[in-house]
Amino acid sequence: MNDLFLRACRSEPVDRVPVWMMRQAGRYLPEYRRVRERADFLTMCRTPELAVEVTMQPVDLVGVDAAIIFSDILVVPQAMGMGLSVDEGVGPVFHAPLRHEADLDTLRPVVPEEGLAYMLDALRLARRELDGRVPLIGFAGAPWTLAAYMVEGKGTKQWTKAKRLLVERPDVAHRLLGMLADAVGDFLVAQVEAGAQAVQVFDSWAAALGERDFAEFALPYLARVIDRVRPTGVPVIAFAPGAGWALERIVEVARPTVLGIDWTLAPATAHARTAGLGVARQGNFDPCWLYAPPEEIRRRAHAMCDAFGGTGHVANLGHGILPDVPPAHAIAFVEAVQEWRPR
């Protein structure tokens, strides 16, 4: 088995740096687009055979060192009873956002083996299909990010409605965030039981909060999720893009196994700030540099690996791969990391 990813997550010695890419099962691959022509996005998520087909594509076609199950962070609010649609060119939309305290009473408790059984089935099927070739990653959204979507109703630039809730009714915000922390934690534990060998928690909208609000409304609930998963023994990756100023606090409070780092920090800066924190680091190649010629991708990927030094580093992008990146450039990135050796 290629277990480089799992060993790197635990900061164990590895022969080479492992690499995978966020959103690696996605629209940049023509093979994904052909599957997408047969089914809409949510149908793909809810059909284990389709989810596994696209989960396997980057392993087979790009050569990554880990697979991440194909799904979406918003399946948790959907399982709580919120009507969700994902339209091309629009993105995810909740038809009845949470706007009043009474709206929280309409949310159902999440029982992963019931409302999210399709994703657990996909994980089981993916583990069988992978047959030990590479490890399988599960994931979920962090409580603040999910709450922001649920209150706002869709993605926005300012997240004004979600942040207004924090200002006007912090008690309601904390109630919702607590509900989500428990639901997400239970869901991730269920994913591990179904076959996930590591999990990642995406706090995708951490950048919407300043330092004080992040400390009150995001970080404690991220920590609560990770605390719930920790007894399973699998590596837990925490990724809060746009909150690079909080890396040390995330490690101190949430104690993940792996700290995800976005592209806004130079790799040397990221390494200098995190090398002594006792966690592995994941990242942080700027996805836009995948538009560069393959030789430039190779040069920059090697420079990133040089900066992190090899040990306790999982190479990844500093955000998800963009949908119009040429597949050959994604392959060039993966191959560049895989050929790199410490000087």
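Modeller: Buried means under 20% relative accessible area, exposed means over 50%, and partly exposed is in between. Keep in mind that this is a predicted model.

Biologist: Does S11 count as buried, partly exposed or exposed?

Modeller: S11 has a relative accessibility of 34%, so it counts as partly exposed. The residue sits in the loop that runs between α1 (4-9) and α2 (30-36). Its phi is positive, about 60°, although S11 is not a glycine.

Biologist: Which other residue has a positive phi although it is not a glycine?

Modeller: W159 does, with phi at about 55°. W159 is also in a loop, between α9 (143-152) and α10 (160-168). Its relative accessible area is 1%, so W159 is buried.

Biologist: How do I read the overall fold, and how many helices and strands does the protein chain have?

Modeller: There are 16 helices and nine strands. For 343 residues, a compact globule would have a radius of gyration near 20 Å; the protein chain has 19 Å, which agrees. The C-alpha trace spans about 60 × 45 × 35 Å along its principal axes. Residues 24 or more positions apart make up 74% of the contacts with a separation of 6 or more.

Biologist: What share of the residues counts as buried, and what is in the core?

Modeller: In soluble globular proteins, nonpolar side chains tend to be buried together. Here 57% of the 343 residues count as buried. The largest nonpolar core holds 141 residues, and F5, M21, M150, I250 and F333 have the most contacts inside it. Helix α11 (residues 170-194) gives the most to this core, with 14 residues.

Biologist: Which residues does M21 touch, beyond those up to four places away in sequence?

Modeller: The partners of M21 include Y28, V62, V64 and F333. Others among them are N316, L317, I321, A330 and V334.

Biologist: Y28 is on that list; where is L322, which is also in contact with Y28?

Modeller: L322 lies in the loop between β9 (313-317) and α16 (327-339). Although L322 and Y28 are 294 residues apart in sequence, their C-alpha atoms are 7.0 Å apart in space. Leaving aside neighbours within four places, L322 also contacts P287, C288 and Y291. Its relative accessibility is 25%, so L322 counts as partly exposed.

Biologist: Which peptide bond is cis, with omega near -15°?

Modeller: The bond from G283 to N284 is cis. N284 belongs to strand β8 (residues 280-285).

How values were computed: Residues numbered from 1 in each chain as written. Predicted model: local features only at pLDDT ≥ 70, side-chain atom pairs only at ≥ 80, totals over all residues. Heavy atoms only, no water. Helix = DSSP H or I, 4+ residues; strand = E, 2+ residues; numbered from the N terminus. Rg over C-alpha atoms; globule rule 2.2 N^0.38 Å. Buried < 20%, exposed > 50% of the residue type's maximum accessible area, 1.4 Å probe, protein only. Contact = heavy atoms within 4.5 Å. Core = buried A, V, L, I, M, F, W, Y, C linked by side-chain atoms within 4.5 Å.
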